[in-house]
Amino acid sequence: MIVVERALPVWIVAALLLVALMALPLGWLAWVSVSSERGATLAHYAAVFTDPRLQRALWTTLVMAAWVGLVAVALGAPLGWLTARTDLPGKAVIRSLVLASFVTPPFLGAFAWIMLAGPNAGLLNRLWRALTGADAPLVNIFSLPGLVFVIALYTFPYVYVMIANTLALIASDLEEAAAVLGAGRVRVALTVTLPMVLPAILSGFILAVLQALALFGSPAMLAMPAGFHTVTTQIWAFFQYPPRPEMAAAFSIPLLLATALLLQLQKLVLGRRGFATVGGRGAQRRPIPLGPWKYPALAAVLALMACAIVLPYGVLARAAFARAWAQPLGWENLTLANWTFTFLEYSATRGAVLNTLELGVTTATVGAALAALLAYIANRRLLPGHQALAFLALAPVVIPGVVLAVGLFLAYTRPPLVLYGTLWILFVAYVTKEMPVGYSQADATFRGIHPELEEAARVLGAGRLRVLREITAPLARGGIIAAWCFIFIGVIRELSASIILFTPATRVMSVVIFDLKEEGQFGAIAVLGLTMLVMTFATVLAVQKFLGRDVLGARS
Amino acid sequence: MPGITLKEVTKRYGDVAAVDGLSLQVEPGELVALLGPSGCGKTTTLRLVAGFLAPEAGEIWVGDRCLSAPGAVVPPERRRMAMIFQSYALWPHMTVAENVAYGLRFKKGLSRAERARRVREMLQVVQLAGFEHRYPGELSGGQQQRVAVARALVVEPEILLLDEPLSNLDANLREEMRFEIRRLHEAFGITTLYVTHDQAEAMVISDRIAVLRAGRVVQVGTAEDLFLRPRTRFVAEFIGKTNVIEGRAVARDTLARGAVRLRVAAADLEPGAAVTVSVRPHQVELAPPEDARTEPNRLRGTVRRASYLGDAVDYEVAVEGSDLVLRVTTPPGPRLRPGEATTLRVPPAACVPLAGD
């Protein structure tokens, strides 16, 4: 019943690639978690769930993730409302700062906060001691609350995006209709606005929790020195000498199930009313005057932005140009030595920058092309079972980087494909991990291209592949370039999968930053971190150019 | 110039047959409208003819070429057709001239100059000379529509397919474009299938109309055929307004409902059987009440509602001796008021017996 199609092999190859990309690591992960030399066993699971240390790690992770979700909502929801609906001054700047927080690699934030709030040398604590003469530090970032705080600083944008984009779609009429009927301002907010954005809040909460569960860098920098593990750092520890991949596999599965469950929950929340009733696109929106609260609100927002962006970036810049980061600023302490050391003298960093760039460009190119092809197949229903393709392409969202890395390690350290030890295994990891980002961007792009535009060309005599080249590709160009940029940003900041898959010859920037921290080379870390930020922001600007909107914007 | 033949074509989506054993013959040079409510399978039929869909059963022929059969479908690009879409489907990254010239790329042996000449001529035909270098985004809806028409006609297709091409235009422009499309059809004479859900549009544009329902053709004919001689209740109600009167045959030519007797011209009814007839509102006449006699087809009634429509008056009249309420349309003139008694005259020739629904 399928129309005979000369382009069919192209679609089939793309689909098979995707299936292999997903099935191999997950298959090996599941298999190794239940296998031993004497056949199938549940011993690894039993070991995982009876070891009190591992139980503690599991429990700590759940508590940490839940708190991150709550703090992210407490920060992101009011901020979203303030910028979307009120006359708060400086909204454009605030939005840019939220965007900056969104794209800041969390482990860089964590590293910066070590310099700010480490118990002994942390700048804020030294300031506190100098001002009060106290002996005890004001705050200790190496603690569970410290960890929650730093992770929340870089996950609240997920909540913010959900809230701001939802509120921006709700017409003021809906609220004014209630006001006309006699409801006061607070009552309108509680009975009309809040119920409409509740799904967005819940959904943002779940996204923040998902992020917190999957994160490796921040807990590795803040929790491990404090003497406790989260699930991701524990899985990493299973790969330190002596490696115990079967335990890592067995410990990965609960994390995978938790993230899958959460994402399903989010779909459920978003799928119910809420968004369906939020429709009025052209509807009028009138900003609500904050009155006397205007400047207190602004001050609170700026304080948050200082914690997320200004202070961390400032301390990074200072460390990058200082002989000793903890010494006072001054001409005699100013140097470019960190830069020459990082880029010219220290071979590990130079190699890592090159590896990261190479991987970033190849992954983004191959990933965007594959994502575009898959999204095209699914959108135009070119293969039976195309819904399964969409599902598979989006599935890695639930796979934490560490878990994916365990699966890839198991899959590609044995024949026929021995990729471990080469850049290829990192490439495969990145393509897999970034597939959902690339796919959803490509999918949105093709959804925006009416199929009739292609059909019109076909009727006039153009074959399927020619239409793809002459009609679809030029129309999709901006969207696909944006997909390329999104993948590139994701790759250059990737740590949680790289940290398990790298070998000395295949280190990338994030891994080197992690290693340098063990060596105490703060200046070089700051240089690499700033370089990473510059690369990220240059790419973000490119996205804005090609999409005509910022990265946080609602997909229309 | 070939015609189109659809033989027992079936297309299923899952368990639902969108097109269900549909047969239709379009003569060479003829314009046939596929008319029906949404979900009747008209667009699916068009897409089957274009080759975007493959039939599960049946065949589609153009002239002596079999283009579609189960398992053997000629792809759209090799069917020598052109299509005009509801969305116009103009390529936003190409200028008007590039859009129109696109199909000429696939015509062998055309020089660059020849292509440019044809594009220029065609843009003149659709009154868009001078717009060559504009982009579609810079044109009004009506102008975009004309570009779409030019792009389809310039390739001199064997078959032209139109999928609700006017539904995105505002009412005035839509009426103007109906005449325009009819004019172009008369000028070029291309065998054409035209999908629409708008009966007035179908009546203006087409030589014949095929009324579709649930994936089948229920009646094919000229606009007049369908309006005056609908064969089923569905066609009678879909094309224009009508009164559907259900009753029982009391003689070979007479229907009874309550005390009302209606003579039906040219009918061969089976006495005792259930009968349904259609009577168009404008074919019923109103007369003063003193005119009433108790003979068939002259009915006493009371005006329930009278609405002045400018070029006509629309009445609702309750018929005495039954539960019938008839719609009657009369030319404007001395007007009856609600509650007034009147006499309805229903000409036997205006009563058209309907088969099934």
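How many nonpolar, polar and charged residues does the lining of the largest cavity have? The legend to Figure 1 gives the count by class.

This is a predicted model, in which local features need pLDDT of at least 70, side-chain atom pairs count only at pLDDT 80 or more, and totals for chains, interfaces and linings use all residues. Residues are numbered from 1 along each chain as its sequence is written, chains are lettered from A and ligands numbered from 1 in the order in which they are written, and side-chain values use heavy atoms, with hydrogens and water left out.

Figure 1. A cavity is a set of points, on a 1 Å grid over the protein atoms alone, where a 1.4 Å probe fits but cannot get out; lining residues have an atom within 4 Å of a point. The largest cavity holds about 130 Å³ of space, a volume being the space filled by probe spheres set on the points, which are joined across faces, edges and corners. Of its 13 lining residues, Leu153(B), Leu160(B), Ile181(B), Leu184(B) and His185(B) lie nearest the centre. By class, the lining has 10 nonpolar, 3 polar and no charged residues. Here Ala, Val, Leu, Ile, Met, Phe, Trp, Tyr, Cys and Pro count as nonpolar, Asp, Glu, Lys and Arg as charged, and the others, Gly among them, as polar. The element that gives the most to this lining is α5(B), with 4 residues; helices (H or I, at least four residues) and strands (E, at least two) are DSSP runs, numbered from the N terminus.

**Figure 2. Salt bridge between Glu158(B) and Arg65(B).** A salt bridge is a side-chain nitrogen of Lys or Arg within 4 Å of a carboxyl oxygen of Asp or Glu. In this pair the N to O distance is 3.9 Å. Glu158(B) lies in the loop between α4 (141-153) and β8 (159-163) of chain B and Arg65(B) in strand β5 (residues 65-69), so the pair ties together parts that are 93 residues apart in sequence.

**Figure 3. Salt bridge between Arg182(B) and Asp207(B).** The two side chains meet at 2.9 Å, N to O. Arg182(B) is buried, with a relative accessible area of 15%, whereas Asp207(B) is partly exposed at 26%. Buried means under 20% relative accessible area, exposed over 50%, and partly exposed in between (1.4 Å probe, protein chains only).

**Figure 4. Salt bridge between Arg305(B) and Asp314(B).** The closest N and O atoms are 3.3 Å apart. Arg305(B) is partly exposed at 28% relative accessibility, while Asp314(B) is buried at 8%.

Key:
1 Å grid on protein atoms, 1.4 Å probe; cavity = no way out; pocket = protein on both sides within 12 Å on 5 of 7 lines; lining within 4 Å.
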